[in-house]
Amino acid sequence: LDAPVLLLGESGTGKDVIARAIHALSARSGGYVALNAGALGETLADSELFGHRRGAFTGAVQNRPGAFELANRGTLFLDEIAELAPSIQVKLLRTVEDGEVRPLGSTSGVKVKTRIVTATWAPLEQRIEQGEFRADLFHRLSVFPLTVPPLRERGDDVVLLAGFFCEQCRLRMGLSRVVLSPGARSHLLSYDWPGNVRELEHAIHRAVVLAR
């Protein structure tokens, strides 16, 4: 399946991990490129996504391919897609529809076969109603929407994930054994984890350091 995938879920649920898994399980042999759209300004987002040609702006001293070209025949993961500027949304829509990018400062396009996976914690339908996100782009990106549940809704998965992080800490710190006590397991299951898997990982790391 090469259809665009939209990952929906709270911050810290592991959407980036799922995006990598989608790429790894696909038949695509190209590269995997990840960008946080929320961390890019309008001009930087244009250059990072679509590339630029020498002289396109101050500091552009050479041609530079964008993320779509770097991920050609592979996967491009765009996190926090709801934060993209309106002008970049227009260019992204054109690229998704036509399979072509136009670098800044170029008069011609470059064909790409890049599979796009996007993610957001924000309710895009509400952003559309507020005029902050294009409805046509939403429908292009959400051919296969996938909701990632928060950790508080995943039951015993919290203990399984905690065990995985314990093993990571054991290897990283050169310890012989790291085990969760029955009390620790009970506490993990009773907490609601507002920071989700990311918070759990950090909590286990702290606990192992203190337990040493």
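Two residues are in contact when heavy atoms of each lie within 4.5 Å. The exercises below concern a predicted model.

**Exercise 1. The sheet and its edges**

Determine the order of the strands in the open sheet, the direction of pairing, and the strands that form the edges.

*Solution.* 
- Step 1. The open sheet is formed by 5 strands, and their order is β2-β3-β6-β1-β7.
- Step 2. The pairing in this sheet is parallel.
- Step 3. Strands β2 (32-36) and β7 (144-147) each pair on one side only, and they are the edge strands.
- Step 4. From one strand to the next, the twist averages 15°.

**Exercise 2. The partners of strand β6**

Identify the strands joined to β6 by bridges, and name residues that stand opposite one another.

*Solution.* 
- Step 1. Strands of a sheet pair through backbone hydrogen bonds, in a parallel or an antiparallel manner.
- Step 2. Strand β3 (residues 75-79) is joined to β6 by 4 bridges, and the two run parallel.
- Step 3. Within this pairing, Thr75 has Arg115 of β6 as its bridge partner, and Phe77 is opposite Val117 of β6.
- Step 4. Strand β1 (residues 5-8) is likewise joined to β6 by 4 bridges, again running parallel.

**Exercise 3. The packing of α7 against α8**

Characterise the packing of α7 and α8 by angle, axis separation, handedness and contact residues.

*Solution.* 
- Step 1. Two packed helices are described by the angle and the distance between their axes.
- Step 2. Helix α7 (residues 157-173) packs on helix α8 (residues 182-190) at about 125°, and the axes are 9 Å apart. This angle makes α7 oblique to α8.
- Step 3. The α7 and α8 crossing is right-handed.
- Step 4. Val158, Val159 and Ala162 of α7 make the contact with Arg185, Leu188 and Leu189 of α8.
- Step 5. Sorted by class, this contact of α7 with α8 has 5 nonpolar, no polar and 1 charged residues.

**Exercise 4. The packing of α7 against α9**

Carry out the corresponding analysis for α7 and α9.

*Solution.* 
- Step 1. The axes of α7 and helix α9 (residues 196-211) cross at roughly 50° and come within 9 Å. The two helices are therefore oblique to each other.
- Step 2. The crossing of α7 with α9 is right-handed.
- Step 3. On α7, the contact residues include Val158, Leu161, Ala162 and Phe165; on α9, they include Val197, Leu200, Glu201 and Ile204.
- Step 4. By class, the contact of α7 with α9 comprises 12 nonpolar, 2 polar and 2 charged residues.

Conventions: Residues numbered from 1 in each chain as written. Predicted model: local features only at pLDDT ≥ 70, side-chain atom pairs only at ≥ 80, totals over all residues. Heavy atoms only, no water. Axes fitted to C-alpha atoms, helices over the stretch in contact; angles between N-to-C directions. Parallel < 35°, antiparallel > 145°, perpendicular 65-115°, else oblique. Left-handed = near helix turned anticlockwise from the far one by under 90°. Nonpolar A, V, L, I, M, F, W, Y, C, P; charged D, E, K, R; others polar. Pairing = 2+ DSSP bridges.
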